[in-house]
Amino acid sequence: MGVTMDVLVSLCKRRGFIFPSSEIYGGLSSAWDYGPMGVELKKRIQEFWWREMTQLHDNIVGLDAAIMMHPRVWEASGHVENFTDPLVDCKKCKNRFRTDQIPEENMKSHKCPECGGELTDARRFNLMFKTHMGPLEDEGSLIYLRPETAQGIYVNFKNVLQTGRVKIPFGIAQVGKAFRNEITTKNFIFRTCEFEQMEMQYFVHPSEDEKWFEHWKEKRFQYYLDLGVRKNKLRFHQHGPGELAHYAKKAFDIEYEFPFGWSELEGIHNRTDYDLKRHTEYSGKDLAYLDEVSKERYIPYIIETSAGLTRTTLVVLADAYDEEEVQGEKRVVLHFHPRVAPITVGVFPLVKKDGLAELAGNLEEELREEFRTFYDEGGAIGRRYRRQDEVGTPFCITVDYQTKEDGTVTVRFRDSMEQIRIPKTEISSSLRKAIKDYRRKE
Ligand code: ATP
């Protein structure tokens, strides 16, 4: 069954995934805090991406650039000039709208869609947050919070080239915060002013741009399937001429069918040599690449894969959510892939007495070395299983009287609710295999 945003927001709050920011002060619109479960989920999605994009390649290296960069970076990148949304204000209720997000008749009649008041003419509004570095608040100290992580990679192109033992084609991957003064922030963590991106910039010979674009487009789609997202909820959207960003030759979005409709999750862009050329021009530093073998000098093209980490977290949550009826009761279950589930294995004693609690406690401590575990001895066993279902724990292990006799335990699987008995000594290898082989049922 599909999930509504309200149900998701409420589950996230109740089970410690995501809280409204500064809630005791009434919250800050569109800012969210990740609680104990949410931070684990987000971290694991990030690790999953990092493994896929760096560890599994011998020609992609990592980077962690500063959020605050020289202001000239944003002139070179085109953000000072072009990173704008067209906006209108209502003179009466003071609400502000993006012109592409209000009905056309309101634009024609200059009438506010909220209160009917008069709308101002459209003007362009830059989305970058500004601040000042140092004691003086003047033009000379003006800096921006980065609106994308990509520029940190471009300005380090030469540094990585000189130190990273890389040859074209190669990639630089980075995960980090980005900031945009978004006017329309709604739908929970889908669009926020502060968010996290996972970007990989792949530097290629200009004659090979099409080939690598196709390669990364397919790879990135497959990544979401590997992450456990259902295939029928994913699709490509190609940018038409009117949608292409100022730097892009070709662009495809990977879209997900969110509870509020199809929307972008990741962009794959052919940015050509735009960025490195502009940084060469603005910095006066030569950012060309010399091919050691052919002796050709050229500015590489860049194929960018740009995903939102916080937005992927929303996808993983929405996609995992399921409600079903089990023995006349509602079961809420999150079908997370075991690799990203906040807790991998719950360990319970059937009852607290007769040494079972100690036995289960010791087992949980052993498993901690390798898995994210959670020990729970409170309440009926069925309720404990349900609590773990609701936070998406794929495996639960129960220690009972038979464990004392023959050293076996019950393993219960979240998705099928199937239970099997295995010797304690086989738990680690069984779980490892179950994680590796995991496939969600369509
Ligand atoms: P949108 O059209 O949704 O504003 P965009 O096309 O401007 O997004 P990009 O600049 O291509 O987005 O950014 C790459 C990715 O970063 C997006 O696919 C999305 O996952 C994420 N992202 C961008 N803006 C936000 C935001 N305000 N909040 C959360 N994630 C974002």
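In which loop does Ser30 lie?

Guide: Happy to take you there. Ser30 is in the loop between strand E1 (18-20) and strand E2 (32-34); helices (H or I, at least four residues) and strands (E, at least two) are DSSP runs, numbered from the N terminus. This is a predicted model, where local features need pLDDT of at least 70 and side-chain atom pairs count only at pLDDT 80 or more, while totals for chains, interfaces and linings use all residues. Residues are numbered from 1 along each chain as its sequence is written, and side-chain values use heavy atoms, with hydrogens and water left out.

Now the backbone. Ser30 has a positive phi of about 65° although it is not a glycine. Its relative accessibility is 15%, so Ser30 counts as buried (buried means under 20% relative accessible area, exposed over 50%, partly exposed in between, with a 1.4 Å probe and protein chains only). Lys295 also has a positive phi of about 65° without being a glycine. Lys295 belongs to the loop between strand E14 (289-290) and strand E15 (297-298), and with a relative accessible area of 55% Lys295 is exposed. Pro169 lies in the loop between helix H7 (157-163) and strand E9 (170-179).

On to the rings. Two rings of Phe, Tyr or Trp (its six-membered ring) pair if their centres lie within 6.5 Å, and planes under 30 degrees apart count as stacked, over 60 as edge-to-face and the rest as tilted. By this rule there are 20 aromatic pairs. Phe213 and Phe252 have ring centres 6.0 Å apart and planes at 55°, so this pair is tilted. Phe213 sits in helix H8 (residues 209-226) and Phe252 in strand E12 (residues 250-258), so the pair ties together parts that are 39 residues apart in sequence. Phe213 and Phe252 are both buried. For Tyr256 and Phe258 the ring centres are 5.2 Å apart and the planes are at 80°, so that pair is edge-to-face. Tyr256 is buried at 1% relative accessibility, and Phe258 is buried too, at 3%. Ring pairs link Tyr256 and Phe258 with Phe190 and Phe260 into a cluster.

Several N or O distances stand out. Arg191 places a polar side-chain atom 2.6 Å from an oxygen atom of the ligand. In the side chain of Glu264, an N or O atom is 2.6 Å from a ligand oxygen atom. Leu265 uses its backbone instead, with an N or O atom 2.9 Å from an oxygen atom of the ligand. Taken alone the ligand exposes 590 Å², and the protein buries 83% of that (areas by the Shrake-Rupley method with a 1.4 Å probe; for residues, only the protein chains shown count as cover).

Next, the nonpolar interior. A nonpolar core is a set of buried Ala, Val, Leu, Ile, Met, Phe, Trp, Tyr and Cys residues joined through side-chain atoms within 4.5 Å. The largest such core has 56 residues, and Phe17, Tyr224, Leu317 and Phe336 have the most contacts inside it. Helix H10 (residues 309-320) gives the most to this core, with seven residues. A second, separate core has 20 residues, among them Tyr154, Val160, Ile172 and Leu276.

Arg412, in strand E22 (residues 408-413), is buried with a relative accessible area of 2%. Its side chain makes a polar contact of 2.8 Å with the side chain of Asp389 (a pair of N or O atoms within 3.5 Å; within protein, one must be able to donate a hydrogen and the other to accept it, and residues adjacent in sequence count only if both atoms are side-chain atoms). Ser428, in helix H14 (residues 427-436), is partly exposed at 22%. Ser428 and Leu367 are 61 residues apart in sequence and 7.4 Å apart in space, C-alpha to C-alpha. Asp6, in helix H1 (residues 5-14), is exposed at 64%. Asp6 and Pro259 are 253 residues apart in sequence, with 9.8 Å between their C-alpha atoms.
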